[in-house]
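Hi,

Here's the structure I promised to pass on. Have a look at it first, then read my notes below.

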Amino acid sequence: MHGQGESQGQGGAEGRERARGHANGRADAGLEAPRHAEDAADAAAADAGAFATEAFLARLAPDTPLRLAETATAGVGMLHALVTQLRPSSEEFRIAIDFLTEVGHYADARRQEWVLFADVIGVSSLIERLNHPRPDGATPNTLAGPFYRPDVPELPLGASISRDGRGEPLVVSGRVASLGGAPLAGARVEVWQANAEGLYENQEPDRQPEYNLRGRFVADGEGRFHFATVRPKGYSLPADGPVGRLMAALGIGLERPAHIHFRVTSPGHETLTTHIFDGSDPAISRDAIFGVREGLVAEFRPAASERGRRRYTLDLNLVLCPQSPQRMKETGRR
Ligand SMILES: [Fe+2]
């Protein structure tokens, strides 16, 4: 048996053990069954939940791959605990199934309603945070979002990324450094943003020029970069589908505060994908996808107006983490 087979052979047994831990540790998920049930119905529900989980675990094949066994049993155990706690009626169960079905029907090549669902309940942001931890002093990593394009032409430092000139002028200047402060000469800086109406170029290809408000720059010998653009506006995530309707029922908004996206690469460093948010946006404290973090909120400073148009400046420091085995060990990455 080859190595993979060996690990798979142990997977079912280990998975079951870990899963029992999950099933018995419902408190981990905030779904603890009543320990001192005051009525027989509660006790019977708890027993039924535990029985359902045990019955599922007993069916796992011994050669189930470890990660699959762990994931399936933890997920099923938590679902049993949820059902035990909430005791949904048959009608409520049908409503839940209808919601999940509708989410699936809304997902296609142009729109991913499942990702939207994960975003607005904070799962996408949590996964990003767990996979890309950053130490104090480094710029936090965030989701890239759905509007990134990798094929944007490089522009000289100082160029404007506004290809239609619509909006309030904004000059962005920044410095890319390594953790510890050393400038990263030649760092590659990709930038993309929504326009003054909160729309990305690839959302309205018939109205905005190709590559509008997108650019790729190479930092100078001191890690500095600068470019001209227009002040972005915040926007709302799609509200016309099942996820939007669920959030409306919960009273949760879908606004995203105004921001500019950056992706920065430099040899020997972990790629930084992040947003810089406009701290004056009224939605700054309620970003729909939970992307606002300390260190990512900046001031778009007013500058002298030009021909009656308001102008702004934005100054940034973007700090990358060195890529090293030690660093990976420290952050628990595998
Ligand atoms: Fe965005």
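How many helices and strands does the protein have? There are eight helices and eleven strands, counted as DSSP runs (H or I, at least four residues, for helices; E, at least two, for strands) and numbered from the N terminus. Bear in mind that this is a predicted model, where local features need pLDDT of at least 70, side-chain atom pairs count only at pLDDT 80 or more, and totals for chains, interfaces and linings use all residues. Residues are numbered from 1 along each chain as its sequence is written.

Of the 334 residues, 28% count as buried. Buried means 20 or more other C-beta atoms within 10 Å of a residue's own, exposed means 12 or fewer, and partly exposed is in between, with C-beta atoms placed from the backbone.

Now for the cores. A nonpolar core is a set of buried Ala, Val, Leu, Ile, Met, Phe, Trp, Tyr and Cys residues joined through C-beta atoms within 7 Å. The largest one has 31 residues, and Val176, Phe262 and Val264 are among those with the most contacts inside it. Strands E1 (169–178), E7 (259–265) and E11 (309–320) are among those that each supply at least two residues, and E1 gives the most, with four. A second, separate core has eight residues, including Leu116 and Ile289.

Helix H4 (residues 90–106) is another story. Its 17 residues reach 24 Å from first C-alpha to last, close to the 24 Å expected (1.5 Å times one less than the number of residues). The number of buried residues in H4 is zero, so it lies largely in the open.

Cheers
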